Amino acid sequence: MKELEEIKDCLIEMKNLSSLMVDLAFSSVMYDSEDIADEVYILEEKMDELTLKVKKLALRAAKYEEDPEKLLSIIEMANINEQISDSAYEISDLVLRDVEPHPVIRKIMHDVDEEIGRVKVNKGSILIGNPLKQLKLPTKVGVRLIAIKRGCRYIYNPSKDETIEEGDILIAVGSGIDRLRELSNEKGEEGELIKEEE
Amino acid sequence: MEEFEEFEYQPKSVKELFIEMKNIVELMVDLAYTSILFGDKEIAEEVLDLEERMDLLNYHLMTHAVLAARNPKEAEQITSVLQMANSIEDISNAAGDLAKMVLEGIALHPVITEAIMESEEVIAKITVTQDSILVGKTLGDLKLASNTGVWIIAVKRGKRWIFAPDKNFKIKPDDVLIGRGTHTSVEHLKEIARGIIRVVGDERA
C-alpha cells in the first residue's frame, strides 16, 4: 500500500531527525552556537510537519488495513518522536535566550562518554576529496559525523557519497574526536600529512 | 535495582548528576528502540527502571540547584540548569513511553520495526562465537566504539541482561551483544564476532 510506504519513510526520517536534534541541541549548548540552535529550531518545525503527515497517512491507511487499531502504534510512535524533538528544542533554546547558561553546563559536556566536537578541515588534510564511504570514519576513527557545515549551509547526516571539502567544519560525535582533529589537519595549514591506514 | 537505592543517600555533585542523566537518557532511548525492535519486555522493563532513576537524579539536581543560587544573577543562570535537566527528563519520559508500547501490548504495526531497521543507526544482536577474537577481552581492551564504530548498549548472557557494560566487562563465548551503529559498522562487528575477521580496528587487538 502506498500509504504504508510513505509512513515508513516518514518514521525513518523522524527517528533520524530526533536523534540528530538531540545531538545538535547538546552541541549548541556546548559551543554556545546560535547557528546550531537555529538549525534545531528549523528541524523542530520539520518534525511537526512530519508528525502531522504521518497521522494523516495513518488515518487514510486505516481504510485498507485489516486491523486498523495497529495503526495506533504508528501515531504513538510519531508523537513520541515529536516529544523528543520538542525537548531537544528546549535544550537549544537555552542558547537563544539572552541569559548566559550556568558555567557548569559547558563543563559537563566535556566529561560525558561521547564527545561532541567541531573540527575544521584544513588544506593538506587527507580527508579532503574522499567520499565518506571510503573514509569509514566510524570504524577507523571512532566518530560519526552528525553534520557538515559548508559555508553557511549545513549538511545533516551526510550520506556515504558525500565528499569532504577544504574548509568544511565537521560536527562529529564519538570517542575519536582528537584523532579526527589530527586527520583534518586542524592545527597546521600546510604540509604534515598523516598517513592513511589501509 | 539494588544499587539504585544506595544512591538515594549519597547525593552527588551537580556535575556528576548531570553527566549521569545525559548518559542514562541516551541509554534509555537506545534500549527503548531495542525493546520495540525485538519485542522484548525485559529490556522495556529496564527502560522503566532507568526512568525511575532519572526522576530521582532530577530531583537531586533540582535540590542542589536551588541551594546553589546566592544572588539574582546566579539564580538566573541556574534556571538554565533546571531547564536542561527538565528537557533531559522529558526525553527520558518519551523513551519510557516507547517502552510502555511494548509492555502494554499495543499491537505494533510491522512498519515500525521496518523503519527502525532502516534508519541510519541500527540496533543489532551480535552473537559471539567461541572462535572470535573478542572472547576473553574486556570492552576497555577492545575499544569497540573507536575501532568498529559500534556502541555496546547491553549484553545478554544466558538469561541475564547486563545493561551499559563498563570497561572491565569481559566478553565470553555465546554472549549476545546489543550494539548500536551504522549498517556497515554493525556488519563488520558481526564478522568479528563470528570469527571471520581476526583483527579489531587497525591494530592487532
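In what order do the four strands of the open sheet in chain B sit? The legends below get to that, after a word on the model. This is a predicted model, in which local features need pLDDT of at least 70, side-chain atom pairs count only at pLDDT 80 or more, and totals for chains, interfaces and linings use all residues. Residues are numbered from 1 along each chain as its sequence is written, while chains are lettered from A and ligands numbered from 1 in the order in which they are written.

**View 1. The open sheet of chain B has the strand order 1-4-2-3, with antiparallel pairing.**
Two strands count as paired here if DSSP finds at least two bridges between them. Strands (E, at least two residues) and helices (H or I, at least four) are DSSP runs, numbered from the N terminus. Out at the edges you'll find strand 1 (121-127) and strand 3 (160-163), each pairing on one side only. Ignoring direction, neighbouring strands are turned by 20 degrees against each other on average. Zoom in on strand 1 and strand 4 (residues 176-182): seven bridges join this antiparallel pair. One place to look is B:V122, whose bridge partner in strand 4 is B:G181.

**View 2. Helix 2 of chain B lies across strand 1, strand 2 (151-157) and strand 4.**
Helix 2 runs at about 55 degrees to strand 2 of chain B. For these angles, axes are lines fitted to C-alpha atoms, for helices over the stretch in contact, and the values run from 0 to 180 degrees between N-to-C directions.

**View 3. Chain B is assigned two domains, domain 1 (2-103) and domain 2 (120-194).**
The bounds come from an automatic or database domain assignment. Between the C-alpha centres of the two domains there are 25 Å. Each domain puts eight residues into the contact, where two residues are in contact if their C-beta atoms, placed from the backbone, lie within 7 Å. On the domain 1 side, helix 2 (14-38) and helix 3 (41-68) are the elements that give two or more residues. Helix 2 has the largest share, with six residues. By class, that side has four nonpolar, one polar and three charged residues. Ala, Val, Leu, Ile, Met, Phe, Trp, Tyr, Cys and Pro are the nonpolar ones, Asp, Glu, Lys and Arg the charged ones, and the others, Gly among them, are polar.

**View 4. Chain B meets chain A through 44 residues of chain B and 46 residues of chain A.**
Several elements of chain B supply at least two residues each to the side that touches chain A, including helix 5 (110-118), helix 7 (144-148) and helix 8 (183-194). Helix 4 of chain B gives the most, with 15 residues. Sorted by class, the chain B side comes out as 18 nonpolar, 16 polar and 10 charged residues.

**View 5. B:I112 sits in helix 5 of chain B.**
Is B:I112 buried or exposed? B:I112 counts as buried because 22 other C-beta atoms lie within 10 Å. The cut-off for buried is 20 or more other C-beta atoms within 10 Å of a residue's own, for exposed 12 or fewer, and partly exposed is in between, with C-beta atoms placed from the backbone. Leaving out residues up to four places away in sequence, B:I112 touches A:L11, A:S73, A:I74, A:M77 and B:I36.
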